[in-house]
Amino acid sequence: MSDNAHTETTHSAAGFVRHGAASWRDYFTFNTDHKVIGIQYFVTTFTFFLVGGLLAMLIRYELLTPPAEFSTTTYNSLFTIHGSIMIFLWVIPAMAGFGNYLVPLMIGADDMAYPRLNATSFWLIPIGGLTIIAGYFVGQSNSGWTAYPPLSLQPPVGQTLWIVGVIILGTSSLLGAINFLVTIALMRAPGLTPGRLPLFCWAMVSTSLMALFATPVLTAALIMLLLERLLGMNFFNVNEGGDPLMWQHLFWFYSHPAVYIMVLPGMGLVSEILPVFSRKPVFGYKAIAASSMAIAIIGFAVWGHHMFTSGMNPWLRIPFMLGSMVIAVPTGVKIFNWLGTIWGGKIDLKTPMLFALGFLGMFTIGGLSGVTLASVPVDIHVTDTYYVVAHLHYVLFGGSVFALYAALYMWFPKITGRMYNEAWGKIHFWLNFVGFNLTFLPMHWLGLQGMPRRVAEYAPQFQTVNQIASIGGFLLGISALPFLVNALVSWARGPKAVDNPWRSLTLEWQTTSPPPVHNFAVTPVVTHGPYDYGVGIAPTGVAAPAAAAAAPAGD
Amino acid sequence: MTAHTLAPARTAPDEGLKRRLSLWLFFVSETMMFGSLILVRFHLWGPGRVAHLDQVLGLDLTTILLLSSGTMAHAEALIGKGDRKGFVRYIAATLILGLLFLVGLGYEWAHAPFGPTQGVFGAVFFTMTGMHGAHVLGGVIFLFIVLLRGLRGRYSAESHWGAEACAMYWHFVDVVWVFYYMVLYLL
């Protein structure tokens, strides 16, 4: 019954707006179907991920030996573009891709509230991304992804393109945030009360609120930077009464919430995966949902912990330190609730579950190093060292990227209608897990020993550890290959997936794989919570008579 | 059992609620953007007043914009009663006041005692008024579209969301100016 899934393509009077995909060509159009847009997000952002990964391997190649191989400008520009791509073009939009694909299905809607706005959000991403990457070729920006002035006021034209690109990407994420909030607020199926909302949707609510409040501040700061670069206006130039620290405040007012924008949806995805593969109701549903909102609120009051050594007012460090430590509480609430969820469950170690458990462990390490970094005396010691690099990769790669991989496997059968290869999935997980830890675990030590980040050369005594990290980095790069091959081959020729291979209770599994153009044959009516595993009742909503009959009634 | 034999399921939210919620969310993000510029002003100028700005002109600009909010509100009230002619007249009046504001702003820019590149005073003043002016310009274009549609009789007492959205946007831009006037001219 999945044959009819992609057959409806409507051509509007305008000619270029389409809804639904009948052939692969429709994925290259301005398409208003949230599922098509979701796939567009996955493919585009994963391509950017591969580019960013290749740049990372060049960085690790440079760091094999202490002296500089590349010119320092090239090296600086490598980590600038690597960071920008991974953050603005992979993790943030990839999470939005899952939001796009899953939110309407999970709430039993036929699409997002504003399908055309949704398509616009997507198409801004390749435009913004190519703008940033074009900058790499016409005059390398090398001020890092944080673009601190005065470095970001230096001549290379690539810096200007970087600013324009990030403004475009910010606009995309802002439009997406409004769309998600309206969709979740107003388009839920009958009976889907807030207390029955899947936790991923709760995560998208808190993420979207953060994007809504934080992104405009970054846009304003970027516009000021642009005006200073292009017209010579004075905001950040000390000689004319400007203040470079103001950039850091405005930038981190956005970018600290942005780290939660990058990880909260991942936490939501993990909250969906753990109960399914433990066959247990999620432990502490309300606490997990509420802790997302708490993180969203506290996350706005901690940005100064990025600036402990910047020369800002010293007494400000104390509230920022305390706030940053407090945010570990709602995060800890989540971790313990996830542990409670899998505790005593009938754990099935399929690939999505492996990645979700990997997330749990790796993110916890990143969270703990985060608390040490929030402590002012420790932070002063390790600022701008590899300790920070280790920390941010444990939360961003060990956290967000593991969650994204878990979700890509979990929803692969739903999205493509075919099953991936489990054995290759597991090989991918272990290569990824070992490569990741080999790369980033030694960096803690390097940082504590004082090796500075963002420098092409380093002291000879760090060589052995750097070589271990580089080998790990290449392994991590290679680990993307089994995933790519598995995904492409399974998508083309994998065995057909049943509608609900994981026997999940959330709504997206109660329709066909892949879902029909308008998602559900009849509007589902939700009668109980999304994670009632093992309590002997049926799926949360009955989508269609056939789907209901095919779905098992929990074990 | 095939899905296409059944009518596709559509969740239809209350359109009015959906539109208003989206617009208010947009205003939230705009408030953060305009608000961050106010903080920049206090950070770079300090709490004191910049004496050189033309107080009379500032007051005139504010008066024009407040008046335009009045005509806009009246236009919305008139279309709510089904008075299409009155609606068009007041939309036109709002449009003219909006243009007048932009002309006044242009005059202010031409006669300001400092250029945009002169110190942080120029930077902050021209960026804040420029950002707001760009929004007024957007509002004037919006008003022009509403005027054309009004002349073609597209709005009625029951259905005039376009006009209502335009009014909400115009009032929002107005309120922003009230704050900008205070922090740029008065403090």
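This is a predicted model: local features need pLDDT of at least 70, side-chain atom pairs count only at pLDDT 80 or more; totals for chains, interfaces and linings use all residues.
User: Why is H393(A) called buried?
Analyst: Buried means under 20% relative accessible area, exposed means over 50%, and partly exposed is in between (1.4 Å probe, protein chains only). H393(A) has 16% relative accessibility, so it counts as buried. The residue is found in helix α12 (residues 386–416) of chain A; helices here are DSSP runs of H or I with at least four residues, strands are runs of E with at least two, and both are numbered from the N terminus.

User: Which residues does H393(A) contact, leaving aside neighbours within four places in sequence?
Analyst: They are H82(A), G398(A), F436(A) and F440(A), where contact means heavy atoms within 4.5 Å.

User: Why is Y107(B) called partly exposed?
Analyst: The relative accessibility of Y107(B) is 44%, and therefore it counts as partly exposed. Y107(B) is found in helix α3 (residues 84–111) of chain B.

User: What makes E164(B) and R20(B) a salt bridge?
Analyst: A salt bridge is a side-chain nitrogen of Lys or Arg within 4 Å of a carboxyl oxygen of Asp or Glu. The closest N and O atoms of E164(B) and R20(B) are 2.9 Å apart, and the pair forms a salt bridge. E164(B) lies in helix α5 (residues 161–186) and R20(B) in helix α1 of chain B, so the pair ties together parts that are 144 residues apart in sequence. E164(B) counts as buried at 14% relative accessibility, whereas R20(B) counts as partly exposed at 34%.

User: What separates E15(B) and R19(B) along helix α1 of chain B?
Analyst: E15(B) and R19(B) are four residues apart in helix α1 (residues 15–45), which means about one helical turn. Their side chains meet in a salt bridge at 3.8 Å, N to O. E15(B), K18(B) and R19(B) are linked in a network of salt bridges.

User: How many salt bridges are counted between chain A and chain B?
Analyst: The count between the two chains is zero, although over all chains it comes to seven.

User: How much area is buried between chain A and chain B, and what share do carbon and sulfur atoms give?
Analyst: The area is about 3300 Å², with 73% from carbon and sulfur atoms; buried area is the accessible area (1.4 Å probe) that two parts lose on being put together, summed over both. In chain A, L186(A), M233(A) and A521(A) lose the most area to chain B, together 15% of what that side buries. The contact takes 40 residues from chain A and 37 residues from chain B.

User: How does the radius of gyration of chain B stand against the globule rule?
Analyst: Taken over C-alpha atoms, the rule is 2.2 Å times the number of residues to the power 0.38. A compact globule of 187 residues would be near 16 Å, but chain B has 20 Å. The C-alpha trace of chain B spans about 75 × 45 × 20 Å along its principal axes.

Key: Residues are numbered from 1 along each chain as its sequence is written. Chains are lettered from A and ligands numbered from 1 in the order in which they are written. Side-chain values use heavy atoms; hydrogens and water are left out.
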